[in-house]
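Subject: Structure handover

Hello,

Here is the structure we spoke about. Please open it alongside this message.

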Amino acid sequence: MANAAAFRVCPETGLKVCHHAEILIKANAVVAVVFLAIGGLFGLLVALTRWPAVHILPADLFYLALTAHGADVLLFWIIFFEIAVLYFASAVLLNSRLAAPKWAWFAFALMLVGALMANVAVLQGESSVMFTSYVPMKAAPHFYLGLIVFAVGALIACFVFFGTLVIARQERTYEGSIPLVTFGAVTAAVIAVYTIASGAIILIPTFLWSVGIIPHLDSIMYKVVWWGMGHSSQQINVSAHVAVWYAIAAMVLGAKPLSEKVSRTAFLLYIAFLQLASAHHLLVDPGISSSWKVFNTSYAIYLAVLGSMIHGMSVPGAIEAAQRRRGLTQGAFDWLRRAPWGNPAFSGMVLSVIMFGFLGGISGVVLGTEQLNLIMHNTLYVPGHFHATVVAGTTLAFMAITYLVVPLIFRKEIMFPGMARWQPYLFGLGAMGISFFMMGAGTLGVSRRHWDMTFADAVLKFEYPPAAFLMMGLNGISALLATLGGIMFIVIVVGSVFFGKPRDEAAIKRNPVIGPSGGAAVSQYGGEATFNLPGTTILVAVFFVSFVLYYFINWKYLSEVWPLR
Amino acid sequence: MAITPPENRLWWNEPLHRMEIVWITIAFLWGVVMFLTMVYWHIAGQQNLSNEAYRVKPDAFAAKAEAMVARYKVREEGDSKIPVVRPPAGGDAYLIARLWEWWPILELEKGQSYRLHLSSMDWLHGFSLQPTNINIQVHPNYEMVLTVTPTQSGEFAVVCNEFCGIGHHNMLGRIYVVDRK
């Protein structure tokens, strides 16, 4: 093969790593982390402003920082990292060369230019329109243009990914079906194409409107289509971070999915149903019928939620089975107690699974229930929910896999291993606090995207209950913890990548990244069905009971508000 | 492993783990329960958002609100003389959302039903009734009509909870609920 010279063989996994793929993974991951740092800083400023005792920014800068925070972390950090995940899951896991590396670089350049353009627009101060940029509020034209250019870049990157899959198949670089992690990445990429198409359908007219070519945009039409991008892009994150969960469990513990069929079907449920979630944002809007809302908001009968609930069982199930296979068979939880809790890749992944499920998943279903949305819409409950999914879920999962990417792809030793050990816990605790306390404040009615919860300058007066102020203070403290965890992450990653010791053979022997039970040896063992998994059964039962209780508690809350019809 | 192709090339013929079958069944049924709960609440519940809405021009909506104010104003409040309006029980109550106020102040009777009309004059706004905690999105060019029955008396705030520019945090309205005389 002509490109044979452009590969190296990974001494730790035996995988052939395409040179182009490797550099592109590095470039996308590094830029992702830069945007995480910038966006995280804006997030801290937002949280400190919303902490009434601190209230650090003036109103205009607060709304500016909040817009920048949303764009930088929710779009740029996550999507740059996801592109790295896509290249990893295609070229690296399939032993293939990357399709069209020049196009991949072009995609990278477009994404970078678009992201910078949008940031400039926001920092100039004329585009503090929030991440959602609901019309008829208008931003500067280059705000929309930046997002469009970024999206086109991301779309090209998705097609490089699909092209790589085709090449790998044609050149027979793997046997049989693609790995589950790659399958999850395919799911993410398919949803990404849908998402970006929705984005184009709404952002291009919005751009034309902002320069005066189109006279009027309907605000409800905008919301329906915009959320076809806005919510679906969160489903890219779900697919990608679930794939990352499986990848970490496989690399660190040699975990196999309980059954390929179930896990893959769960991913297919995402593709089929997640797009309906645009409805989550229109549950209290005029002009939309209840039957449309009920069907769409529940992804038809909660079929995408079913997908997540399946992964929520099969990821811990796979870990438990792998651990039991290694002989940790005592009691229900010996396998969990004796898991590698000091390995940040593992601990970050587990915290991500737990918090995504318990905090993000349950709150998302409750929030997305047609009538329950009445007592939550646009309160801080909403950011509480999505910080549990996107920060505690996606971001923590991506941080976790970075602890594997640095040694395997950058081939550098992790610097400050003592700090790395604690980083996921600190960041996870902070993210949990942010989510939990914002949900608490939201339950008490506190508005999101609001500079002054004391209403000091308003003509009329109103005071939220004192507990809401307490919640916002605790939210600020949690944001400080998360920031500390984030800074530690960036210090570790930047330090390792740019100043770390190269990972030579001695280092690989001394400190293997691929767990002792991982690698090819494990795949010789028998089917997972031979094990009983009492630990996972208990965990799933606890989850289910919490879910049911919390769901009906909120119906109780709803039944106490003024009757409406 | 999840990062390698399935060892069994016919993976789709592998039997399922018993726990998987049980959990999938439970999770699916729970989805059905949650779906039916929303439907059930439409039949038996008291809190359902109206499907009644009309296209309306901001000027036309403002004219209706002003007509109501002219007819049912009971007093004015504050330095800016915001009218306090007491629409008849069972009647129409209009509330305008605009940068950056809710206009006028409504005075409702506890236990009576009102047809509350909401629309925006400019951008999107969020009707957030506190401390009751009812939250409704308000769009320009759409008039939403909901029938609401206050069950507590007292002073209620209407917070704007959709970001609407630099004065957003000062956009605070009021609804009084008084006991029947």
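Predicted model: local features only at pLDDT ≥ 70, side-chain atom pairs only at ≥ 80, totals over all residues.

Residues are numbered from 1 along each chain as its sequence is written, chains are lettered from A and ligands numbered from 1 in the order in which they are written, and side-chain values use heavy atoms, with hydrogens and water left out.

Chain A against chain B

Chain A brings 113 residues to the contact and chain B brings 87, where contact means heavy atoms within 4.5 Å. The two chains bury about 8,800 Å² between them, with 68% of that from carbon and sulfur atoms. Buried area here is the accessible area (1.4 Å probe) that two parts lose on being put together, summed over both.

Four salt bridges are found across this interface; the rule asks for a side-chain nitrogen of Lys or Arg within 4 Å of a carboxyl oxygen of Asp or Glu. Lys256(A) and Glu7(B) form a salt bridge, with their closest N and O atoms 3.6 Å apart.

Several helices of chain A supply at least two residues each to the side that touches chain B, among them α2 (59–92), α9 (299–325) and α17 (534–559). Helices are DSSP runs (H or I, at least four residues), numbered from the N terminus. The largest share, 12 residues, comes from α17(A).

Domain 1 against domain 2 of chain A

An automatic or database assignment gives the domain bounds: domain 1 of chain A is 179–330 and domain 2 is 340–505 + 532–565. Their C-alpha centres lie 18 Å apart. Domain 1 puts 36 residues into the contact and domain 2 puts in 35.

About 2,700 Å² is buried between these domains, 78% of it on carbon and sulfur atoms. Trp245(A), Ile248(A) and Val284(A) supply 21% of the area that domain 1 buries against domain 2, more than any other three residues. The count of salt bridges between the domains is zero, and that of residue pairs in polar contact is seven (both at pLDDT 80 or more). On the domain 1 side, α6(A) gives the most, with 14 residues.

Regards

Conventions:
Polar contact = N/O pair within 3.5 Å; in protein donor to acceptor, adjacent residues only side chain to side chain.
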